[in-house]
Amino acid sequence: MILNYIKTAYRSLIKNKGFTILNVLGLSLGLASSLLIIFYVVDELSYDRYNINAGRIYRVNEDLKLGENNVLYAVCMPPLAQTLKNDFPYVENTVRIKNAGSMHVKKGATNILENRVAFADPSLFSVFTLPMISGSPSTALAEPNSVVLTETMAKKYFNSTEVVGRTLTGDNKDLYKVTGVIKDIPRTSHFNFDFFISMSTFPDSRSDEWLRSDYNTYVLLRNASDHKKLEAALPAFLARHSGPQMQSELKMSTAAFEKSGSYFRLNLTPLTDIHLKSNRTGELGPNSTVQYVYIFSAIALFILLIACVNFMNLSTARSSNRAREVGVRKVLGSPRSYLVFQFLTESILVTLVAAVIAFVAAIGLLPAFNQLSGKDIVVNGQTLSWLVPAMAFIILLVGSLAGAYPALFLSAFQPVNVLKGKLSAGFKGGGLRSVLVVLQFTISIFLIIGTLVIHNQLNFIQSKDLGFNRNEVLIVQNAFELNNQAQTFKQEVKQLPGVADATLTGFLPTGNEKNTSIFFKDASFDQKKALFPQTWTVDEDYIKTLDMKMVAGRSFSGQFLTDSSGIIINEAAAKFLGLTDPLNKPLYRSNGGKQDITNSKAYHIIGVVKDFNFSSLRDVVSPMVLIMGQDNGALSIRMKAKDIPSVLAQIKDKWSGLSPNVQMNFSFMDQDFDAIYRTEQRAGTVLVVFTTLAIVIACLGLFGLAAYAAEQRTKEIGIRKVLGASVSAITAMLSFDFIKLVGIAILIALPAGWYFMNKWLQDYAYRINIEWWVLALAGFVAIVIALITIGFQSVKAALSNPVNSLKAE
């Protein structure tokens, strides 16, 4: 019987090739799009889940509030890890990781700059699942100056993975003994280092300071449920261990500190939440946001829903062709359940074919999708283990849902009415079909609004006045390699005819170098009057090189010896401090950022710089203090020549003259800025692509419904033409019913789109307003697309010969 259903379904589908192709095309487009989005979402949700103990690993975070300043850290104090293990029996193990930044590694006569270097405790391999190819996991990082390499790095420097006992030469000719080689860390990890140097190599790691945060600290619990007990115990634990130092340095107890309105707290983040739900200071790498997982999941659901509605409409569009078949089957004794099963078989068969095409298309389009989304997704055996069952479920679900309405609709025809030719009385449900069209276009218009808003916000980011000029600025990222010759390099570069100016510091608005200090408004060191700003060391050329604007006072100058104790604050700092005239006002800085008020240093404000963005535009510009000093981190060069390659070649020559064995690493500031928002840019591009696909699929459904309407009104159109109706009048009549549905969709989609996109924009401190023309354009586009789609069928019906439609009468 089932085989007979399949044969009958196959014959019916082949008989109506046009509608079958449209059905398969719509479903395959919807399924392929949804499949690509599912790959993206699964990839985002899979971060750090490769760890066997992922459910028991938590990162310890630190929250600090000092006066009105709030800072969320992903790093904690040096002694925390070992103390947690000692104090709590349900903490099985702990590990600290400290991002070491970059390091030069010698290969032959060349020093190669490696940027993925970290210090780690010996327990690293007990907490995280990092399979070791050679070496002992328990002892690999036990000794100072030992290093564990990834497989790729071992092959890069030694052409082999059997390198335990070999030696690497790093910065300052430091020698590191290779004690292990691990497999490359999976891409879906929130940290991805190539070199792990033993933590004991770093002298500061043995510090017992509890009021300083430098180390990403992880705990492995004996049971996943123990995290609630640990989090509840952390306040008393922190007060017990940090209290003595707080009393010594801040001259107040922990209770008094919190009573003043400040606090110093620890909390936990599950390992698997870090990538999508953490955006703290001191992250080991750039994280994503769960917001895009929600957005793309909704888009996948919308596209699949539109594809199903499209299938329903196309199926009912050819109902008149199936009506007599249903009537004859019923007269011959076929029960309704058999007819329902027959139509469901056709639906599932179409879905199966569409799913196979969609799967092949998704695999074929995956490289392009990876490039578009910035991913590196691959379909392997592990992917297929969940994908095949998921596809089988989707085929049955979509086939059943999309086919249920046509099956019930068609099987409900009354045979007496159908066989008499009274087709219009043989079915109902026009209201439901109208609802489905409204649903399709509501979703499509909503996606158009979302696309326009995201596009406008990204353009706003690109064009916003950031408070500095990022164009034509070359950054030599490794100027620190020149050591004492960095200043010489700067002066030589400034003499080049194509160079306007240069500044030597690693603290840049588009860089990763950050530093905070505590300043007090007066010598009373009142915590309520504390300022916790970014504190950057810059030189006298910083302001003019980056084309920043002074709103009061002056910039630093080498001609004023007193500038060694002078500072420049930004407008946000002046506002925070409540200073209407900040010039020459004192600020007291705690020594070394350790909050030791007994050894504080007094500064005087010499100028106020206009606020400039030095972090994401999602954040409001926070207080900033610039201090004049020496920092050789990077050299930023403002070029004035149109021939950038020529100037760049001259700068490279100057570098080679000072450091012939070290390669100059550089970037352009505008590109570094764009990289900060690359995730948003890629998300915007992906959204445009899938919105376009959703509209195309919705148009296929509308096309089918237009064909359905024209088919059912053939005789009416014939009579109207005989009575003198024009082609334009008939076209307008047929189009009006659909444009009315699109109008209803517009009325629903516009307020919904405005509301939800406004919610999305709230994540940005600097954002656009949704203008009226965005909503108007979305509605206009929807109407134009609908008219184009309907127009073909309407004109075709209006041009038909009335003799053909009326001869049966």
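Which residues in α21 meet Ile-730, Met-733 and Leu-734 in α22? Glu-716, Ile-717, Arg-720 and Lys-721 do, where contact means heavy atoms within 4.5 Å.

The model is predicted: local features need pLDDT of at least 70, side-chain atom pairs count only at pLDDT 80 or more, and totals for chains, interfaces and linings use all residues. Residues are numbered from 1 along each chain as its sequence is written, and side-chain values use heavy atoms, without hydrogens and water.

Select 714–722 for helix α21 and 727–761 for helix α22; helices (H or I, at least four residues) and strands (E, at least two) are DSSP runs, numbered from the N terminus. Their axes come within 10 Å and cross at roughly 150° (lines fitted to C-alpha atoms, for helices over the stretch in contact; angles run from 0 to 180 degrees between N-to-C directions). The two helices are therefore roughly antiparallel, the term for angles over 145 degrees.

Next, select the open sheet, ordered β13-β22-β12-β23 with antiparallel pairing (two strands pair if DSSP finds at least two bridges between them). At the edges are β13 (499–504) and β23 (666–668), each with a single partner strand. Select 473–476 for β12, which 3 bridges join to β23; Val-476 has Phe-666 as its bridge partner.

Finally, select 486–494: helix α15 lies across β12, β13 and β22, at about 165° to β13. Helix α19, residues 669–676, lies across β12 and β23, at about 75° to β23.

Technical notes
Parallel < 35°, antiparallel > 145°, perpendicular 65-115°, else oblique.
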